[in-house]
Amino acid sequence: MTTVLRPVGYTGSRQQLTWPNYWGTQVTAYLWGAGGGGGGGDGGNSGGNGTGGGYASVSFNVAVGDVIDVAVGGPGGGGQGNRSTGAGGSAGASLTGQTAWTTLNAVPSPSTIRVSNRAYCPFLNQYGIWNDNIWDVLFDRTFTINFASTGYYTFTSSADNSAAIFVDGVEILSVRGYQSTYNTTISVSAGNHSVRILSYNEVYSPGAVALTIDGGLNSYSGGGGGAAGPSGSSGGGGGSGGATVVRVNGVVLAVAGGGGGGGGAGYRGGGPGNAPGPNGQSGGESAGQNGGNHPGDGGGGGAGGGGFRGGNGGYWGGGPSSYSDTYGQGGSFGSSDGWSIANPSEITPGGSNTEYYGGNSTGGRGSANNGVQGAAGRAVFAFDASGIQVVNANDWRPAKQVYVKNSGVWQAAQAVYVKYNGTWQPVIGSIPLNFESVSGSFGVFARNGPAYTPPDPMGMGMGGPMFDIF
């Protein structure tokens, strides 16, 4: 037996290999999650470091027709520094659920039409609908939608001029315009649920509203960093890394967690808010959590990484005072799952001493620099390859190269076949084992970040940090 190695890097999509040969074999997957981004700085104060990604490995057998797919986690982005409402770093992508429903499912209909306008954002132009009379002031429709599985779903909407989205009679999203999108992520149980779209249009102008619902299957993406406060000029929290996930025939076999994002810096109050933060992993959700947005003057919280258990985001209040110009907490890395796992050690990813670790640039290293993204994740697949063996001194040894004589000249064979059940099959070492990018089930669906609750004005200790996790 010989070993055939196939490294797989981040491509922004799932990557897939369908086993092509009747010769089954054992495969070992080595996985590294993506690193978290660094928080943005504030003057001379540095934002917090992101953590490296986790590590996992697993061995499994494949036979003809089995489908191996891998989602290599995307890196968490760095937070903006030294600005009012400085944006948090972007979330690292990974395996997600599918699109469950869009407003285009409501057309064609005798009373509903598609609409667009050059003033609209691209999302509203793509998914916009309205009553067949586009001048109507009110669009009020309730749809019964079947959610195939229990999980987190992201509702994204835009409207001309405003809208409210309800699920089973409860308002979940307020939409305030047509040049941006608005979204929220909530948990929905499997089965039928009512989704109401209530949209208002100003008189003497055409109306439009759009809604998409994505998710369902567990998302393994990271979260986005929290924004710096609107007062002063501080740092946004770092985004977190997406987990790297391997599946066979749709079943998840191993997960290498993504790294947590560093907290954004403030001017005073200590810090920086290095990841991992104090909030740990979720109780059961795989998606990373967004970092908390700062409501006043100070840094945003770092995001939690995707993982077997998604990391929780950092709260904005990393310093001693709710209102002073303080740093945000770092986010936590996501946990890993497999036959062998290892957590990161600060910016160093887990499993960095493993034979197939790809180095700092491709192996999920966390960022130690203000506003700089972490490194993308990585996967390496080792196939036990059947090959041609020859006897040498009464010992069977693998042939590293096979030659055939053609017109009296020995030439290297590009592939070797053997007859199996009357059919010529290539030996595994001759098969082009290449993973191909496939569309769907890859992106960012993070959990909502910690919600801001004002401190108790009476000083009775009833305020302070509260976590509102959907």
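1. Four strands form an open sheet in the order 10-15-12-13, with antiparallel pairing. Two strands pair if DSSP finds at least two bridges between them. Strands are DSSP runs of E, at least two residues long, numbered from the N terminus. The edge strands are strand 10 (138–147) and strand 13 (170–175), and each pairs on one side only.

2. This is a predicted model: local features need pLDDT of at least 70, side-chain atom pairs count only at pLDDT 80 or more, and totals for chains, interfaces and linings use all residues. Residues are numbered from 1 along each chain as its sequence is written, and side-chain values use heavy atoms, with hydrogens and water left out.

3. Look at strand 10 again. Ten bridges join strand 10 to strand 15 (residues 191–200) in the antiparallel sense. R141 has I197 in strand 15 as its bridge partner.

4. Next, the rings. There are twelve aromatic pairs in the structure. Rings of Phe, Tyr and Trp (its six-membered ring) pair if their centres lie within 6.5 Å; planes under 30 degrees apart count as stacked, over 60 as edge-to-face and the rest as tilted. W101 and F143 make a tilted pair, 5.1 Å centre to centre with 45° between the planes. W101 is in strand 7 (residues 98–102) and F143 in strand 10, 42 residues apart. Both W101 and F143 are buried, that is, under 20% relative accessible area (1.4 Å probe, protein chains only). Ring pairs also link W32, Y55 and Y357 into a cluster.

How values were computed
Buried < 20%, exposed > 50% of the residue type's maximum accessible area, 1.4 Å probe, protein only.
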